[in-house]
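Please read the following note alongside the sequence and the three-dimensional view.

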Amino acid sequence: MSMNSQGRATAPHAASHAAATATDAGATFTGNKALNQEEALIFELGNPGVVGVDLPEPATAKTRLGAVKPRGAIGLPDLSEPQVVRHFTRLSQKNFGIDSTMYPLGSCTMKHNPRLNEKMARLPGFSDVHPLQPASTVQGALDLIDQLAHWLKTLTGMPAVAMSPGAGAHGELCGLMAIRAALAARGETHRTRVLVPESAHGTNPATAAFCGFTVDAIPAEENGRVSVEAVKAKLGDDVACIMLTNPNTCGLFEPQIKAIADAVHAAGGYFYCDGANYNAIVGRLRPADLGVDAMHINLHKTFSTPHGGGGPGSGPVVLSEALAPFAPLPFVVHGKDGFALVEHADDTKAKPFGRMKAFHGQMGMFVRALAYILSHGADGLRQVATDAVLNANYVLASLQDVMSAPFGGPCMHEALFDDTFLKGTGVTPLDFAKAMIDEGFHPMTMYFPLVVHGALLVEPTETESKGTLDQFIATLRYLADKAKAGDAAHFQAAPRLTPRRRLDETAAARKPVLRWTPPVPAPAAE
Amino acid sequence: MRYLPLTEADRRSMLSTIGVDSVDALFRDVPESARLPGPIADLPNHQGELAVERHLSRLAARNVTAGSVPFFLGAGAYKHHVPASVDQMLLRGEFLTSYTPYQPEVSQGTLQYLFEFQTQVALITGMEVANASMYDGATGTAEAVLMATRITRRTKAILSGGLHPHYREVTETTCGVLGMTIDSRSPDPKGKEDLAALIDDQTACVVVQTPSLFGHVSDFTALCDAAHAKGALVVVVVTEVVSLGLLTPPGAMGADIVVCEGQSIGNPLNFGGPYLGLFATREKYVRQMPGRLCGQTLDAEGKRGFVLTLSTREQHIRREKATSNICTNSGLCALAFTIHLSLLGEQGFGTLARINHANAVLLADTLAKVKGVEVLNDGFFNEFTVKLPKKAAKVVEKLADKGILAGVPVSRFYPDIKDLDHLLLVAATETNTPDDMDALVAALEEVL
């Protein structure tokens with residue numbers, strides 16, 4: 001079987017094929033299976049002459065296109081509205097979502113997405129406002145950004161926040177650019193090395209490299225933590241910063257974090273905290289009190305804006321006093337006529353390092369996040385972290401006798417298991433995850449963090465009930481026992497009940513087919 | 001708290017299973033000095049739906065909405081009509097509340113629409129392949145320049161004076177830290193610049209835009225030929241993607257990378273975000289592309305299915321050697337784009353583009369009759385530049401007081417260039433009525 005660089009299988013098991021034949025008893029004439037409908041590509045459904053929108057004729061036939069010629073046919077399919085609605089409805093039915101099942105992806109914080117947030121983001125006063133309207137016509141929008149900024153600063157204890165980054169990784173880039181600018185202002189451009197623990201998200205080293213730094217990995221300790229000694233051993237006058245995730249990607253709070261921050265500061269470097277796991281600590285402690293200089297906040301994790309199948313996200317970055325002057329453009333200020341936007345370096349005494357994005361940030365996500373924050377309030381947010389940590393520890397405590405937890409407990413908001421419990425069973429973590437799908441659960445994060453062999457990282461979040469957790473735990477206990485009982489074939493053939501069985505990733509990468517192309521008509525018979 | 005399902009009894013029972021007395025014991029690794037004893041002071045406690053809705057509705061009411069007034073702003077963000085079914089489909093929980101499709105067997109819905117999206121983007125740009133989207137057009141442009149440097153192993157980029165200034169700034173910021181040379185040309189309100197002569201054997205790429213910031217439409221075929229003759233690439237940026245329903249696409253001009261802001265199709269103005277970066281290129285460059293890609297394959301039963309592919313370019317596999325640090329895409333915005341473009345189809349997309357152009361032609365003809373107003377463009381799509389006898393920013397403020405949002409003063413982007421003070425960018429789309437245009441003209445005549 002082919003494996004990718006994480007030791008993950010990229011092509012289906014042969015056993016899967018055999019099992020497929022065995023399920024043909026469920027075959028139907030159409031290929032549909034009741035609620036599970038086969039659905040063609042939109043390009044295969046078109047019917048020229050049909051329209052999905054009614055548009056008037058243009059008001060004039062006159063054109064002023066200068067030297068540019070009108071284009072020819074594009075090749076888009078023509079469909080009516082009912083056809084389009086049915087197509088996308090059927091596609092939606094091939095997805096798991098948080099709405100339909102527990103989705104315990106570690107590091108992703110798949111919590112309930114309140115529908116009030118969606119309703120608020122669709123108020124025309126937010127959704128139907130242009131980013132370049134005169135400031136006098138967008139005072140409510142600027143006020144909202146300012147209010148969200150106030151919450152983020154107060155919750156984290158940090159004096160400043162850059163609101164514009166469009167996602168977590170984009171926030172990391174923003175933080176590192178601020179650090180770079182601060183170093184340049186200090187005349188210390190020779191600081192080009194960034195320390196990143198081996199357990200870090202892939203975005204950390206990628207961001208550091210993307211920002212022109214060299215990456216130096218800090219080895220993980222046996223207990224899943226980073227030690228101050230390991231950090232000190234790497235410090236030097238060429239170190240720009242450390243990028244540390246806290247709680248870390250093993251779901252553990254870094255107990256030496258303050259000592260690490262102090263050591264990095266003493267060596268003249270900055271402390272970038274990856275805030276992906278902020279959900280575990282929101283309202284229970286303030287990152288400022290740990291010595292953080294910059295931390296991005298994934299509004300799509302902690303503050304419940306929808307993941308949407310992979311975005312859009314939003315990644316504001318809180319900044320310390322030392323980095324605040326370098327925050328990128330634009331930002332909201334309180335002016336003499338109400339709120340104003342600073343869009344040019346000449347309009348501020350600060351030293352913005354540049355611009356991250358067109359316009360002012362992910363406004364639609366700001367509205368959703370503020371709706372979530374106001375709904376919870378200071379007391380509710382603290383309870384969010386508390387329940388998230390409680391739920392994860394409950395899962396850990398309830399499963400560690402049948403699965404294997406490399407670092408024991410307690411954990412923070414994620415329970416980490418490795419594949420020791422599967423040793424000798426012939427079942428891989430991937431197989432295990434696929435069997436969970438047939439049982440109606442979205443799998444946990446697999447094969448991450450890299451510091452643990454065959455990692456299975458479970459993040460239940462605070463929005464799962466005890467009843468759901470109990471069912472999840474019972475299911476995993478059943479599967480763990482089944483694997484140990486030697487029923488590897490059950491796992492290797494899974495999933496059996498999904499719209500598609502295991503997919504051949506190797507073939508997809510070997511000869512990429514990245515778009516639909518019209519079928520070539522068969523040559524006419526002679 | 002309506003979003004938290006645990007009861008006090010649940011919590012007690014769970015703590016007992018865990019074997020600790022209190023939740024505080026689970027936070028034992030947090031340094032004592034950093035632990036907060038209770039909710040953070042000076043912040044309000046939780047509120048019901050009604051109270052939150054009231055608070056946010058009041059903020060929303062303090063903004064003038066595009067749909068409530070005669071409205072002519074563009075400059076990279078456009079007011080279009082989005083069919084009701086688009087948003088209804090987006091709100092399906094299986095789309096809204098799913099994650100990146102890392103488990104393809106339970107994510108075929110997301111994967112199939114991404115495959116459809118990639119195909120649509122390739123078709124309208126006239127390119128061979130497209131990715132599953134970027135954060136927005138501006139970050140996509142910066143990524144395109146970085147990709148050109150990887151392909152050519154050269155480090156200089158020439159940015160047109162017609163490029164949207166935010167795109168230029170994001171590119172300068174992003175590429176600047178990597179020590180690249182960015183030759184940003186001065187603003188080109190007349191659309192007359194010639195960049196071919198600037199290309200040398202250090203040039204990785206030339207970045208041009210059509211329609212430009214000032215609304216000029218261009219055919220870059222000659223520029224592409226000149227660049228290719230010197231081993232450089234051409235990045236064509238399109239900030240108004242509806243224009244591709246009418247104009248010769250960049251792919252047909254010989255572009256190597258095409259970046260668009262896709263907001264116009266399916267996505268509301270949203271005060272500037274979230275938006276949707278479209279990113280397309282030639283097949284031979286696909287392994288140098290940033291961002292997610294969805295590909296077709298077969299499942300264990302031999303049925304067609306879709307997976308994320310070529311992820312060996314990406315950060316979660318390659319870490320510091322990745323082509324980009326990008327992790328997400330703009331999934332839901334891409335879905336909105338795909339649904340809207342499916343509704344439009346070949347016929348509707350072309351008609352929509354022709355309506356936009358026709359309305360802009362009418363508006364330009366009408367404005368040209370106002371005393372002292374001069375239209376600078378020969379060719380344009382749905383946006384053009386007018387020169388006013390007074391400072392455009394002042395005029396816009398006065399018109400806003402009269403309930404008309406007249407356009408974007410160029411000084412908003414270039415406050416220090418006095419020559420541009422009198423220029424106003426004016427856009428017309430299918431949403432503008434003849435009454436809107438009459439109102440603009442009447443109000444302009446009053447304030448000029």
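1. P37(B) is exposed, because 5 other C-beta atoms lie within 10 Å. P37(B) is found in the loop between α1 (8-18) and α2 (49-61) of chain B. Helices (H or I, at least four residues) and strands (E, at least two) are DSSP runs, numbered from the N terminus. The C-alpha atoms of P37(B) and T338(B) are 49 Å apart, and the two residues are 301 residues apart along the chain.

2. This is a predicted model, in which local features need pLDDT of at least 70 and side-chain atom pairs count only at pLDDT 80 or more, while totals for chains, interfaces and linings use all residues. Residues are numbered from 1 along each chain as its sequence is written, and chains are lettered from A and ligands numbered from 1 in the order in which they are written.

3. Chain B is assigned domain 1 (68-82 + 346-447) and domain 2 (84-340); such bounds come from an automatic or database domain assignment. The contact takes 30 residues from domain 1 of chain B and 30 residues from domain 2 of chain B, where contact requires C-beta atoms, placed from the backbone, within 7 Å. On the side of domain 1 of chain B that touches domain 2 of chain B, the largest share, 7 residues, comes from α11(B).

4. Between the chains, 171 residues of chain B are in contact with 176 residues of chain A. α11(B) gives the most to the side of chain B that touches chain A, with 22 residues.

5. How do α10(A) and α12(A) pack, and at what angle? Helix α10 (residues 363-399) of chain A and helix α12 (residues 466-484) of chain A pack at about 30°, with their axes 10 Å apart. Axes are lines fitted to C-alpha atoms, for helices over the stretch in contact, and angles run from 0 to 180 degrees between N-to-C directions.

6. Residues of α10(A), including Y394(A) and V395(A), meet residues of α12(A), among them L469(A) and I473(A).

Methods:
Contact = placed C-beta atoms within 7 Å. Buried ≥ 20, exposed ≤ 12 C-beta atoms within 10 Å, placed from the backbone.
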